[in-house]
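Reader: I've got a model open and I'd like to learn how to read its strands and helix contacts. Can you walk me through a few?

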Amino acid sequence: MTKILAISDVHGEENENLYTYLNNNDIDLVLILGDITDFGPLDFVGPFIEKVADCGVDVIAIPGNCDPKGICNAINDVSFCLHNNIIAYGDAILFGYGGSNETPFNTPGEIQDNKIYGDVYELLANYDYVYNEEVPKVKILVTHAPPYNTEADKVENGEHVGSAGILKSIHEFEPQINLCGHIHEARSLSKIGITTDVANPGMLKDNGAVLVDIKDGANYEISLVSLDE
Ligand SMILES: [Zn+2]
Ligand SMILES: [Zn+2]
């Protein structure tokens, strides 16, 4: 049994409702899906992550496109940066990739979509090194950018702006879950095909979160949570 709460797009603004929620619910791990800062400062990162961890949870994070250079070091100073990395955690295997495909705003953490595709493909292909068939685990792809052409990447005018590279990798490896952020107004839980649940919690300041409740290593429930309820 593993309970994971995903939050995203903090942009330097804490939300007291998060601490209340964590103190009232039995959560093992908080995943932060990037844009922890609003183009810095980096000294927000350590104290924020430590405050979350003080609620009795583990914390793992990835950078977003709005986080400045040095963000992975700032995360690693106090917890674990999952960018371009794989870790087995409880009943889950987490594959992490931060930053985003290119935007019109020329933000610091942008990566060309074909590079995202190559990197995420390799990451997911490394599954064989961490997989053990006697210990079934739920595969969770943890990205800042959402996959292209889903509920999670739709901006206000209806246009889809997500990463085609992430979508392609999901089609090829079919992880059970993709947790993503980046598009603040696209808070959603939807599906790619019949295999992959895609969840974007929206911004932390809007009380958005996603709960992944893994029952026995293979079966799980996923839901959108409002931290103010
Ligand atoms: Zn953001
Ligand atoms: Zn972003």
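Reader: Which residue in E11 is the bridge partner of Ala-6?

Author: Pairing first: two strands pair if DSSP finds at least two bridges between them. Strands (E, at least two residues) and helices (H or I, at least four) are DSSP runs, numbered from the N terminus. Here, Ala-6 has Val-210 of E11 as its bridge partner. Strand E1 (residues 2-7) pairs with E11 in the antiparallel sense, over five bridges.

Reader: Before I go on, what kind of model is this?

Author: This is a predicted model, where local features need pLDDT of at least 70, side-chain atom pairs count only at pLDDT 80 or more, and totals for chains, interfaces and linings use all residues. Residues are numbered from 1 along each chain as its sequence is written, while chains are lettered from A and ligands numbered from 1 in the order in which they are written.

Reader: Which residue in E12 is the bridge partner of Val-210?

Author: In E12 that's Leu-224. E11 and E12 (residues 220-226) pair in the antiparallel sense over seven bridges. They form a hairpin with five residues between them, and Gly-217 in the turn has a positive phi of about 95°.

Reader: How many residues of E11 are buried?

Author: Count neighbours: a residue is buried with 20 or more other C-beta atoms within 10 Å of its own, exposed with 12 or fewer, and partly exposed in between (C-beta atoms placed from the backbone). In E11 (residues 208-214), five of the seven residues are buried, so the strand is mostly covered.

Reader: On to helices: at what angle do H2 and H3 pack?

Author: Axes are lines fitted to C-alpha atoms, for helices over the stretch in contact, with angles from 0 to 180 degrees between N-to-C directions. H2 (residues 45-53) and H3 (residues 71-78) pack at about 40°, their axes 9 Å apart. That makes H2 oblique to H3, given that under 35 degrees counts as roughly parallel, over 145 as roughly antiparallel, 65 to 115 as roughly perpendicular and the rest as oblique.

Reader: And how do H4 and H6 pack?

Author: H4 (residues 113-125) and H6 (residues 164-173) pack at an angle of about 25°, with axes 7 Å apart. H4 is therefore roughly parallel to H6.

Reader: Which residues of H4 and H6 meet?

Author: Contact means C-beta atoms, placed from the backbone, within 7 Å. Among those meeting are Ile-116, Tyr-117 and Leu-124 in H4, and Ile-166, Lys-168 and Phe-173 in H6.

Methods: Two residues are in contact if their C-beta atoms, placed from the backbone, lie within 7 Å.
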